[in-house]
Amino acid sequence: MLVEYDFEIKKHTSFKIGGKIAKMIFPETIDEFIQSLKEYPQAFVAGNLSNTLVSSKGFGGILISTSKLNEIKIEGTKVIAGAGVKGPKLSQTAAEKGLSGLEFMIGFPGSVGGEVYMNAGANGQCVADVLKSAKIYCPQKGLITLTDLGFGYRTSICQKKNYIVLEAEFELTPREGVKEKMEENLAFRKSHQPSLALPNCGSIFKNPEGYSAGKLLDECGVKGLSVGGVKVWENHANFIVNYNDGTSSDVINLMREMQKRVKEKFNIELKPEIRFLGEEL
Ligand SMILES: Cc1cc2nc3c(=O)[nH]c(=O)nc-3n(C[C@H](O)[C@H](O)[C@H](O)COP(=O)(O)OP(=O)(O)OC[C@H]3O[C@@H](n4cnc5c(N)ncnc54)[C@H](O)[C@@H]3O)c2cc1C
């Protein structure tokens, strides 16, 4: 199994922020993944780091990367994917077979494990709609298979119970026009979200019930507001972009200011959608 020490993570995160990871492990099979999880129960499991702000001061612990667990199997309308499979690749593979249900994954850079963990979604679809079952590592019981992952808005049972996604099985529907739907999703994204040429982490805050975080923030006048090398994107107030080699503290300080303004104006607490890893965050 590949192991790296003092791994420079910055260029591997979608935010292009982050210091050194003390020890990074890259399992290549489910058995190796389980072995690493047993050996290092406190390790942080990372997919594609497109929803995680990594501290610029780094992380002194162990990170297990799923990037080499990237096998896809198709059996009729069933699609089985390893935790590290990238969403856009999975979406395209399903589309080649005329299978519908994963078109939303085309537009953002998550891994299957991260997407199940977050119940990722977009354009009216989400993981919960199509996930049939998942192979899970449960710290108490070892390998289990779950059909009910307690999905909610950007949440799953994995967040409450520290379950780790090893592999996911999706049940899709044969349909005409899958590729066209993907094109539509990509076009929508181009006009509504920053591309990765402007490093970012997707939506920063969850939508509070009954509200749009982006709208609340917009009404507080935060678009373009900057701290250090990061700023709120001018076209959508729920995105922070790293336009000039910003740090994790820049992001945290900007997030605090955004939260403060929304609290003062609307008495609503914005909760982060992004996850955090590392020292002094
Ligand atoms: C430009 C851009 C657009 C985006 N648009 C959207 C969008 O439209 N909709 C949306 O929902 N999200 C969006 N995102 C956010 C992000 O891509 C998703 O949340 C995605 O699901 C994260 O996957 P990841 O592999 O990058 O997760 P990571 O950032 O690697 O991890 C996120 C969390 O999942 C956990 N995790 C990762 N792998 C596993 C595993 N195998 N088992 C258990 N836990 C695991 C991590 O420990 C961490 O807590 C966007 C991001 C970007 C950069």
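Contact here requires that the C-beta atoms of two residues, placed from the backbone, lie within 7 Å. Angles run from 0 to 180 degrees between N-to-C directions, with axes fitted as lines to C-alpha atoms, for helices over the stretch in contact. Helices (H or I, at least four residues) and strands (E, at least two) are DSSP runs, numbered from the N terminus.

The model is predicted, with pLDDT of at least 70 needed for local features and 80 or more for side-chain atom pairs, while totals for chains, interfaces and linings use all residues. Residue numbers start from 1 along each chain as its sequence is written.

Two strands count as paired if DSSP finds at least two bridges between them. Strand S16 (residues 230-232) and S17 are joined in the antiparallel sense over three bridges, and Val230 stands opposite Asn242 in S17.

Now zoom out to the whole chain, which has eight helices and 18 strands. Colour the chain by domain: domain 1 (2-65), domain 2 (72-182) and domain 3 (195-277). These bounds come from an automatic or database domain assignment. The centres of domain 2 and domain 3, taken over C-alpha atoms, are separated by 27 Å. Along the principal axes, the C-alpha atoms of the chain fill a box of roughly 50 × 45 × 30 Å. A compact globule of 281 residues would have a radius of gyration near 19 Å, and the chain agrees at 19 Å. That radius is taken over C-alpha atoms, and the globule rule is 2.2 Å times the number of residues to the power 0.38.

Move to the sheet with the order S6-S7-S13-S11-S12, an open sheet of five strands with antiparallel pairing. From one strand to the next, the twist averages 15°. Helix H1 (residues 30-39) packs on this sheet, touching S11, S12 and strand S13 (164-171), and its direction makes about 145° with that of S13. Select strand S11 (residues 131-138), which pairs with S12 in the antiparallel sense over five bridges; Lys135 stands opposite Thr145 in S12.

Turn to strand S2 (residues 20-26). Six bridges join S2 to strand S1 (residues 2-8) in an antiparallel arrangement, with Phe26 in S2 as the bridge partner of Leu2. S2 is also joined to strand S5 (residues 59-65) by four bridges, and these two run parallel. Here Lys23 stands opposite Ile62 in S5.

Finish at the ligand. Which residues are the closest to the ligand? Among the 33 residues that surround the ligand, the closest are Gly47, Gly110, Gly113, Gly114 and Gly202. A residue belongs here if its C-beta atom, placed from the backbone, lies within 6 Å of the molecule. Strand S3 (44-46), helix H3 (112-118), strand S9 (121-122) and S13 are the elements that give two or more residues to the shell. H3 provides the largest share, five residues. By class, the shell divides into 16 nonpolar, 15 polar and two charged residues. Nonpolar covers Ala, Val, Leu, Ile, Met, Phe, Trp, Tyr, Cys and Pro; charged covers Asp, Glu, Lys and Arg; the others, Gly among them, are polar.
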